[in-house]
Amino acid sequence: MSAAKNGGGSGASRARAGAGGASGARTPGPPAGPGPAQARPLTPGRVALYVLLLVLGVLVAPAGALVQAAWFPGGLLLALLGLGGLFYGGARASGTAAGVLLPGAAWLVTVFLLLSDERPEGDFLFGAGLGSYLFLLGGIVVAVICATATQLRATGARPGRVGG
């Protein structure tokens, strides 16, 4: 009886299924935030946030270097979690990829150029061990992961099935 009301069984269900368009492709919604073409304005508050992120990137470098060397397995994880928190927090606070790139660049310059250099006395902050290399490589990987996640969120990419 319900098939008679709908105009004949399978024909009506096909009409409803094809109502989305000829190709059946979904049209994406508007992006979640301003994309790369729509840069956010540079306000005094945003500049202050970027300066704070730069300073925190410089401060996290020696702190992580000392912590990872003090308690090897746990200290390394704590140092990498601190980096991840800084990078992810910077991305969430600024809403742009610059929130990851600025502290990441400050951390990278501090770690590689300032802390890895040997002093005239012959001592330096990083020892030649597995923990130091894992901290350097892991920090770069964490920064790349956070920057990539920020870019995916900025373009409005939705998680889901491919081709579904």
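What share of the contacts in the protein chain with a separation of 6 or more comes from residues 24 or more positions apart? Such residues account for 75% of those contacts, a contact being heavy atoms within 4.5 Å.

## Basis of the model

This is a predicted model, in which local features need pLDDT of at least 70 and side-chain atom pairs count only at pLDDT 80 or more, while totals for chains, interfaces and linings use all residues. Residues are numbered from 1 along each chain as its sequence is written, and side-chain values use heavy atoms, with hydrogens and water left out.

## Fold and surface

The protein chain holds six helices and zero strands, where helices (H or I, at least four residues) and strands (E, at least two) are DSSP runs numbered from the N terminus. Of its 164 residues, 28% are buried, that is, under 20% relative accessible area with a 1.4 Å probe, protein chains only. The protein chain exposes about 10,600 Å², of which carbon and sulfur atoms supply 69%, as computed by the Shrake-Rupley method with a 1.4 Å probe.

## Helix 3

The end C-alpha atoms of helix 3 (residues 44-70) are 39 Å apart, which agrees with the 39 Å that its 27 residues should span at 1.5 Å a residue; the expected span is 1.5 Å times one less than the number of residues. Its buried residues include Arg 46, Tyr 50 and Gln 68.

## The aromatic pair

The structure holds one aromatic pair (ring centres within 6.5 Å, using the six-membered ring of Trp; edge-to-face means planes over 60 degrees apart). Trp 107 and Phe 135 form this edge-to-face pair, at 5.6 Å centre to centre and 80° between the planes. The pair links distant parts of the chain, with Trp 107 in helix 5 (residues 98-115) and Phe 135 in helix 6 (residues 130-154), 28 residues apart. Both Trp 107 and Phe 135 are buried.

Notes. Rings of Phe, Tyr and Trp (its six-membered ring) pair if their centres lie within 6.5 Å; planes under 30 degrees apart count as stacked, over 60 as edge-to-face and the rest as tilted. Buried means under 20% relative accessible area, exposed over 50%, partly exposed in between (1.4 Å probe, protein chains only).
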